[in-house]
Amino acid sequence: MNTTDMQKRIKEAAADFGWPRIIIALFLAVLFILAPFVKVSIASSLSDIINRFGMNALLVLAMVPMIQSGCGLNFGLSLGVIAGLLGSTMAVQFGLTGWAGLFGAIALSTPFAVVLGWLYAKLLNRVKGEEMTIAMYVGFAAVMFMSIMWLILPYSSKNMVWGYEGKGLRTTITLDGYWNRQLSDFLAVRLSDNFVFPTGLILFVAASCAVMWLFLRSKTGTAMTSVGSNPDFARASGIDINKMRTTSVVMSTVFGAVGILLYQQSFGFIQLYTAPLYMAFPAVAAILIGGASINKASIVQVVVGTILFQGILTMTPSVINSLLQTDMSEVIRIVLSNGMILYALTRKSKVTR
Amino acid sequence: MSNDTPLLRLEGITKDFSGTVVLENVTFDLRAGEILGLVGENGAGKTTLMSILFGMPVIRETGGYGGKILVDGREVRFSGPFDALDAGIGMVHQEFSLIPGFSATENIMLNREIAKGGIIADIFGPRLSTLDRATMHTRAKTAISRLGIEIDPEMKIAEMPIGHKQFTEIAREIDREKVRILVLDEPTAVLTESEAEILLDAVKRLAATGIGVIFISHRLHEITGMCDRVVTLRDGKSVRDVPVGETTVEEIAVSMVGRDMAPPEKNQDNRVFGEPILSVKNLWVDMPGEVVRNVSFDVRQGEIFGIGGLAGQGKLGIPNGIMSLYPAGGEVLFKGKTLPRGNPRTALAEGIAFVSEDRRGVGLLLDETLEWNIAFTAMQSQNRFLKSFLGGLVRLRDEKAMKELANTYIDMLEIKCTGSKQAAKELSGGNQQKICLAKAFCLEPELLFVSEPTRGIDVGAKAIVLDVLRKYNRELGVTIVMVSSELEELRSVCDRIAIVSQGAVADVLDPSASQAEFALSMAGLRESGKNRIKEN
């Protein structure tokens, strides 16, 4: 009796956490166990995972408002990323360094993110039910348009423009001397030779998560969630559905902009041109792995999903490369992230209507 | 086999959809050459009965049916529409099942095309044989002419007037050589009167050739005008089966609504009402399937005002229009002031609450907790259940207050659930309805619209819901406008009942009015005596 009861309880707990997550977590554990045998340092791997978590967490967190409001997964996250790029390049152009550089970049990005997000929301409100497809095209189009603009816009900082012509931005711009690792190194704790805990970065992420958590508990956040759950119910309760959706899209875009700034400061470079294209998919994959459906997501899912996804991305290439003695990291990364999206989308939980 | 054997006999047909009985012991015969009228209110089970007869897969998927269907005295059990076709049963559906881009001939001969061989067919098999269009044309023409009308067999369906589409559909059914039983499901609903007459003539002509016809219609005059016998279905039972000569339109209407002629228990207390709290003048509402054309009525402070009528006549459109959930126009005065339209928020702010008939679609957040479901509307429209932090800078959900509120209503309305954190979708229909009521009650409205409060819930829950509404009205003096298709329910709760027919108020009746009066108002046959009881 007792054992069956126990089994049942374990089963329920497992189902609650979700089999996909359990399997991925187990896989990750196996990789960690294998690591010492192929001479991959566990300490540096852990350090890597924590860093990558900090770099990507905000981009994943940006998915939450749009999921909650029923706009689906934000495949158009590149729009927020572009706003972030505009902000950071402008901060470099204005010669802002250190804290002024980082927060200047955030301040400069936000207006762009708000305007772009607002326009993007206008569009998404006209294509209800097809948001994700349209979002993907919006992302592609915006990135391509900006690829032209990066060449034309009148940037002149020597650190950013092509050396031989003196105009047009380079594909990669170093943040050395500006705000490279400004947050990551803030209060950073060196635990061992190859394990550094990026305290500042993690604190910033935690604060952002707290803001989102509080927002979802506010009146507006509650209304937004109800729009995602059942728009007809929300409307009958006097909620302006389009306004809620617009708010969620703007929020998502702003978080995307701040997210890329965190990514840059940790990575050390601003990546322009087609780079924003590669930001949306991993974020989508991470939140889906975290257990979010296409219209329900929570902060816990963001954290769990980002850790699992980044963990796999960090560990698989290093362990498997060492096992196979070839460099397949990029291939493995692409297969993994796209495979996970595919898997997650087929498993998306049905919404009761 | 003797001549007495009926062409078709339904014997004790019973059907339930996951526990809800929709047909119970339905029995009747159909003889060759006979036209049988089948009448009943919406939801009486007509369509389900015809689906069983036609062997629709949906019946089998939902657990089959009980009872027997006998054709020529032999029991049959169809495993699909094709079996029914083979047995000689043809059906013309309420909605057209025609291919718009095909001509009449092609539609009539669909899947029965006459083919002629050819070299290609010889080599690759019969699937590639060519059509014998000349023969098909003649066949289609014959079928159409049997109906006694003229349609160009080569005309595309898309270009036809609606009446001709209906004829094409019937022609398709009678083209089968074997067809002996023809079911017409509200064939005249979409036709003009002159078209309907032609169709009725055609049906009579068909019956004369020995085809048995089951004719379903809401137009009772057509039934008495052409049928030989009329069977009434009510709440899934065949309650009446008489030759048409022995009955009248009025009697048929009464049999559809209910045989209980005694007025229900009356509200003995002499109730006094105040000034009109809600005045509706020339309201129109564009709600698909429930169009309101021109409705005017007054609701007095403190009363329970009922709105009844058959489905599709517009009764549901009235509250939905007033709450601005669908485009509407006309004048709505609430407490003497014009109620602005365009946003449900304004109606909510004025103190009007609405319990929607679409419980799962509009009434509930199925994936959310009961706490959310009950408190949400009050939170959004009245800023309740919010807690201020940092001197009002941040206002968050007051989860504790929400839980208390939910528990209060769970106790008060005897909602069966595992707790206030359960998701609304896990509750039974009756308990979901109670949640919807709790949501509305918690808004503390002055005027409450409840739309189909007992739809799809069991008898016990029905009684509780009605009781709660009555109590709510008596104890707190809240004016209630209740829309329902169940007349008995309206008569037992309401102080006055407006009957809506064809998008307009046909009559405002006292609940003690006779069954016949209600029935006639519903059938739209009672034009005179509008607002009979103006002020009592």
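Chain A of this predicted model has a radius of gyration of 21 Å, and this agrees with the value near 20 Å that a compact globule of 353 residues would have. Along its principal axes, the C-alpha trace of chain A spans about 80 × 60 × 35 Å. Helices and strands number 14 and four in this chain. Of its 353 residues, 45% are buried. Contacts in chain A also reach across the sequence: taking those with a separation of 6 or more, 74% join residues 24 or more positions apart.

Next come the helix pairs of chain A. Two packed helices are described by the angle between their axes and the distance between the axes. For helix H5 (residues 78–93) and helix H6 (residues 98–126) of chain A, the axes come within 7 Å and cross at roughly 145°. The crossing of H5(A) past H6(A) is right-handed. On the H5(A) side, the residues that meet H6(A) include A:Leu79, A:Gly80, A:Ala83, A:Gly84 and A:Gly87. Their counterparts in H6(A) include A:Gly101, A:Gly104, A:Ala105, A:Phe112 and A:Tyr120. Sorted by class, the residues of this contact come out as 12 nonpolar, eight polar and no charged.

H6(A) has another partner in helix H11 (residues 241–267) of chain A, and here the axes come within 7 Å and cross at roughly 145°. This crossing of H6(A) and H11(A) is right-handed. The contact of H6(A) with H11(A) is made up of 16 nonpolar residues, nine polar ones and one charged.

Chain A also meets chain B: 18 residues of chain A are in contact with 25 residues of chain B. On the chain A side, the elements giving two or more residues are helix H9 (219–229) and helix H10 (231–236). H9(A) gives the most, with five residues. The chain A side of this meeting has six nonpolar, eight polar and four charged residues.

Over in chain B, six strands form an open sheet in the order S6-S9-S10-S3-S11-S12, with mixed pairing. Strand S6 (89–92) and S12 of chain B sit at the edges, each pairing on one side only. Neighbouring strands of the sheet are turned by 20° against each other on average, direction ignored. Strands of a sheet pair through backbone hydrogen bonds, either parallel or antiparallel. The parallel sense turns up between strand S9 (residues 181–185) and strand S10 (residues 212–216) of chain B, which pair over five bridges. In that pair, B:Ile181 has B:Gly212 in S10(B) as its bridge partner.

Helix H1 (residues 46–53) of chain B packs on the sheet and touches strand S3 (35–39), S6, S9, S10 and S11 of chain B. The direction of H1(B) makes about 150° with that of S9(B). Helix H7 (residues 162–175) of chain B lies across S6 and S9 of chain B, and runs at about 175° to S6(B).

B:Leu85 lies in helix H3 (residues 81–86) of chain B. B:Leu85 counts as buried because 20 C-beta neighbours fall inside 10 Å. B:Leu85 and B:Val179 are 94 residues apart in sequence, yet their C-alpha atoms are 7.6 Å apart in space.

The other residue, B:Arg496, lies in strand S23 (residues 496–501) of chain B. With 21 C-beta neighbours inside 10 Å, B:Arg496 counts as buried too. Leaving aside residues up to four places away in sequence, B:Arg496 touches B:Glu303, B:Phe305, B:Gly306, B:Val508 and B:Asp510. As for B:Gln313, 183 residues away along the chain, its C-alpha atom is separated from that of B:Arg496 by 19 Å.

Conventions. Residues are numbered from 1 along each chain as its sequence is written. Chains are lettered from A and ligands numbered from 1 in the order in which they are written. This is a predicted model: local features need pLDDT of at least 70, side-chain atom pairs count only at pLDDT 80 or more; totals for chains, interfaces and linings use all residues. Two residues are in contact if their C-beta atoms, placed from the backbone, lie within 7 Å. Ala, Val, Leu, Ile, Met, Phe, Trp, Tyr, Cys and Pro count as nonpolar, Asp, Glu, Lys and Arg as charged, and the others, Gly among them, as polar. Axes are lines fitted to C-alpha atoms, for helices over the stretch in contact, and angles run from 0 to 180 degrees between N-to-C directions. A crossing is left-handed if the near helix is turned anticlockwise from the far one by less than a right angle, and right-handed if clockwise. The radius of gyration is taken over C-alpha atoms; the globule rule is 2.2 Å times the number of residues to the power 0.38. A residue is buried if 20 or more other C-beta atoms lie within 10 Å of its own, exposed if 12 or fewer, and partly exposed in between; C-beta atoms are placed from the backbone. Two strands pair if DSSP finds at least two bridges between them.
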